[in-house]
Amino acid sequence: MRVTHAVPLAPMTTLGIGGPAAALMELHDPADFPEFVALADTLPGAPVCLGEGSNVLVGDDGCDCAVLRMSTKGVRMTGSTADGRVRVEVQAGHLLSDLVDTTIAEGLTGMEMLVGIPGTAGATPVQNVGAYGQETADSLVEVTAWDWTLRRMVTLDAAACGLGHRTSVFKRSRRWTLLSLVFALRRSELSAPVGYRTVAAELGVPVGSRAPLEEVAQAVLAVRRSKGMVLGCSGTDDRSVGSVFLSPEITPAQADSLRAQNAPVNHFPDGSVRVSASWLIRQAGFELRRPIVPGVRLSSLHYTLVADEGASAAGFTEAIDIVFQEVLRRTGVRLISEIDFL
């Protein structure tokens, strides 16, 4: 395991913002993890795990704790569950995009809608990553993690992970470092039912239809690219974390009022009723490409924040607050950022 000091973290994030880490270790072999534990004990603060940095805003001054760059790789099929699904074990540093491609090639349904999402497999339970009707909670069986409180390796089943809408027990917590995960997927040549109109339209099928896995994955990619939600696809909006704000939960009264305004109000698997954050930002008067603070503006393709030359963590945080305050003033709804702040 290689240890480097005072290494800039900005190039390791998709926003390209932030200062250095006091100590950075890159983990390729899970067997070397005890070395990281020993290093972390010599530095102040709880250690931080960094995958591909696609949902992270690093502070301008960096951090003085130990940072673990999770680069472990590996996927294997480990038998079947009681209901006939195939168990898929993956190392936490394995790219999510590669995992999705592997499951599609193996004829396994359950992750095809997650195609095009950046980051590592280990990040998926943290905010219950999901898209177009699928989310991590649908297929996660268990995770293996280091518990910094108990000082030992633990295995948590899906229920213990507390998966909700873009959240979990791991969100905003440094108690655990995820090391490996097990998913359970079904063998099928066809996808899960396509529940989103945009994806169904791209496929040319009715909503609720099932289609070949590869065709559905390509349709999802096409829709994501049209919104600038695939890294490297736009050329101008690549310094992004995707969605800065999650779709906020609203009250029944708010839902009735917003539906009357033709807002996209939807019921979510966790039982909540939520409205699109993008719709709220647009309703608050923000326009695509609009500068918010120096170095930070709205994307040219959809209603999220992106970084340009001269962006700073302080400026990006200020831009988040400006959007939050204006949306609250104009719509009465409170946005919630889903970025991990380091």
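Student: Okay, Glu-338 then: buried or exposed?

Tutor: This is a predicted model, and in it Glu-338 is buried, because its relative accessible area is 6% and the cut-off for buried is under 20%.

Student: Where does Glu-338 lie?

Tutor: Glu-338 is in the loop that links β20 (336-337) and β21 (340-341).

Student: And what does Glu-338 touch?

Tutor: Leaving out residues up to four places away in sequence, its contacts include Asn-55, Gln-127, Arg-166, Lys-171 and Ser-243.

Student: Which residues does UniProt list for "active site"?

Tutor: An unreviewed UniProt entry gives Arg-166, Ser-243 and Glu-338. They span 173 residues in sequence, but no two of their C-alpha atoms are more than 11.2 Å apart, so they gather at one spot.

Student: What about Ser-243, where does that one lie?

Tutor: Ser-243 belongs to the loop between α4 (213-226) and β14 (245-246). With 30% relative accessibility, Ser-243 counts as partly exposed. Beyond its neighbours within four places in sequence, Ser-243 is in contact with Met-229, Thr-304 and Glu-338.

Student: Switching topic: how many residues of β13 are buried?

Tutor: In β13 (residues 176-187), 10 of the 12 residues are buried, so the strand is mostly covered.

Student: How many bridges join β11 to β13?

Tutor: Seven, and β11 (residues 140-147) runs antiparallel to β13. Leu-140 has Phe-183 in β13 as its bridge partner.

Student: And β7, how many bridges there?

Tutor: Six bridges join β7 (residues 86-91) to β13, again antiparallel. Here Val-88 has Phe-183 as its bridge partner.

Methods. Residues numbered from 1 in each chain as written. Predicted model: local features only at pLDDT ≥ 70, side-chain atom pairs only at ≥ 80, totals over all residues. Heavy atoms only, no water. UniProt positions renumbered as here; feature names shortened; annotations may be inferred. Helix = DSSP H or I, 4+ residues; strand = E, 2+ residues; numbered from the N terminus. Buried < 20%, exposed > 50% of the residue type's maximum accessible area, 1.4 Å probe, protein only. Contact = heavy atoms within 4.5 Å. Pairing = 2+ DSSP bridges.
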